[in-house]
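Here is a short walk through the structure. Keep the view open as you read.

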Amino acid sequence: MKAVITVVGSDRVGILAMIANACAKYDVNVLDVSQTIVDGIFTMTMITDCSKVKDFGSFASFMEKLGQENSLIVRVMNQNIFDAMHTV
Amino acid sequence: MQTQQILETIKMIDEDYLDIRTITIGISLLDCIDPDIHASCRKVEEKICRIAKDLVPVAEEISRTYGIPIVNKRVSVTPISLLCSATQGDPIEYALTLERCAQKLGVDFIGGYSALVQKGYTEGDRRLIRSIPQALKQTSHVCSSVNIGSTKAGINMNAVKEMGQIIRDCAELTKDDNCLGAAKLVVFCNAPEDNPFMAGAFHGVGEADCVINVGVSGPGVVRAALAKASKTAPMDELADLIKRTAFKITRMGQMVGVLASEKLGIPFGIVDLSLAPTPAIGDSVAHILEEMGLSTCGAYGTTACLAMLNDAVKKGGVMATSHVGGLSGAFIPVSEDAGMIDAARSGVLNLEKLEAMTAVCSVGLDMIIIPGDTPASIISGIIADEAAIGMVNSKTTAVRLIPAVGKKVGEELNFGGLLGHGPIMKVNMASNEIMIDRGGRIPAPLQSLKN
């Protein structure tokens, strides 16, 4: 299963590293990353392969909690929802 | 996958209240009919709890994995009056059984304490309808509906007369609880058999043994899309924006419906393409109309804006799903919509305007709080007028009025939760008693003769 991880928050050193590290811990493979910084706001979308994750729910809540602890909004969502909404 | 599209979806969910309003499992109870009501109730409880046992966990799992809130999990069943016809027992036992099922399953509502009497009563219908006020008083999750008219059958005026009194009785019996009983009862003309929304959901006899129906919601998303349009953009451009947005919302509903169907092993029925508001600021159908350029919902132009909105939602949604059904259109429940509440409080939005609006949108006079001293015949008159609009226009119309016992125009009732709160609206009290007392049937209109 592919999941999209989005991260939004104030830019600073180490956000990408922190998220990528957490992914590695859960055996989540990062397939694609795109990030922008506009007016100091960091926005990143990461496409990942979560097929080796045993409990997707706990991975998602771990990532969201990690975000909260670091003043970032982190969301982990199954990629199919975006495909469903934006492709005919 | 474009970053922009990902962020757009997340914004819709986080800021514009995009959600799946309900996943509703429809369950046929025809195989639970038994002359012994206790045996029948046992079968009902066993079947509902067996089929819907995974509904809540599956919905929560989908919600967690896909990041989309699923607000309500519901069950609808075969109209209980059909089961009543086979037994002499007290219909309340069915209501209590349904309540037990709802509590066991953890669902938000269970609908189907219903009767279809558009052409006439059976003995079962009669007993069920008389039991509605007590059933709604003694339960908290059970919803009830009665279909009193249709384009094919005309309007059953005897039922119209009775339902005026039943609505009053529901309110009287629950007067210590904000007259909540009346908020769980809806009177229909042309009731759909696959509606996932409450209080009117029931599982029609033409449906499969069990089925998943999904209701989407997204007034906030449509309003946000319109807010971006220029104030000088012509109406057809707005219609186009609504269509695009409705398409996206509905695609999500379709996806969730198919997923839930696979996980539960229950066939997928329909997506109900409805804009269902909640009392939260920013999740209002009235605010969509105001975004189109009305100072307040209820101003002249409201009916036209609503007609366009309703039509554009369908046009956008219909291509996004394999099966459309239910009510499919914009809802205008006054107490559940922050913009409607404000418009009603200010006096711009009145019952007469709401009646006109119901001619062009999906339901009817919904969640409207009326003075506690409104006579039953006046409520019956309101039902008859709404049913006539539905019958002639071959559409669903409904009446869900809450007489606020002991309160007067200007005071407010607060139900809490999704049912919201609102002011008591002024009702035209001119007498119609002789007309309502006539009873009988209004014959089906010419437009029903299509064969």
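In what order do the four strands of the open sheet in chain A stand? The order is S2-S3-S1-S4, and the pairing is antiparallel. S2 (29-38) and S4 (72-78) of chain A stand at the edges. Each has a single partner strand, so one side of each is left without a neighbour in the sheet. On average, neighbouring strands are turned by 15 degrees against each other, direction ignored. This is a predicted model.

Now look at one pair of strands. S1 of chain A covers residues 2-10 and pairs with S4(A) in the antiparallel sense, over seven bridges. Within this pair, A:Val7 stands opposite A:Val74 of S4(A).

Next come the helices of chain A. Helix H1(A), residues 15-25, packs on the sheet and touches S1, S2, S3 (41-49) and S4 of chain A. Its direction makes about 25 degrees with that of S3(A). Helix H2(A), residues 56-69, lies across S1 and S4 of chain A. H2(A) runs at about 165 degrees to S4(A).

Turn to chain B. Here 16 residues of chain B are in contact with 19 residues of chain A. Three helices of chain B give two or more residues each to this side: H1 (3-14), H3 (55-66) and H10 (235-264). The largest share, six residues, comes from H1(B). By class, this side of chain B has eight nonpolar, five polar and three charged residues.

Last, the confidence scores. Chain B averages a pLDDT of 94, and 100% of its residues score at least 70. The model scores ipTM 0.88 and pTM 0.93.

Terms used. Residues are numbered from 1 along each chain as its sequence is written. Chains are lettered from A and ligands numbered from 1 in the order in which they are written. This is a predicted model: local features need pLDDT of at least 70, side-chain atom pairs count only at pLDDT 80 or more; totals for chains, interfaces and linings use all residues. Two residues are in contact if their C-beta atoms, placed from the backbone, lie within 7 Å. Ala, Val, Leu, Ile, Met, Phe, Trp, Tyr, Cys and Pro count as nonpolar, Asp, Glu, Lys and Arg as charged, and the others, Gly among them, as polar. pLDDT is the predictor's confidence in each residue, from 0 to 100. Two strands pair if DSSP finds at least two bridges between them. Axes are lines fitted to C-alpha atoms, for helices over the stretch in contact, and angles run from 0 to 180 degrees between N-to-C directions.
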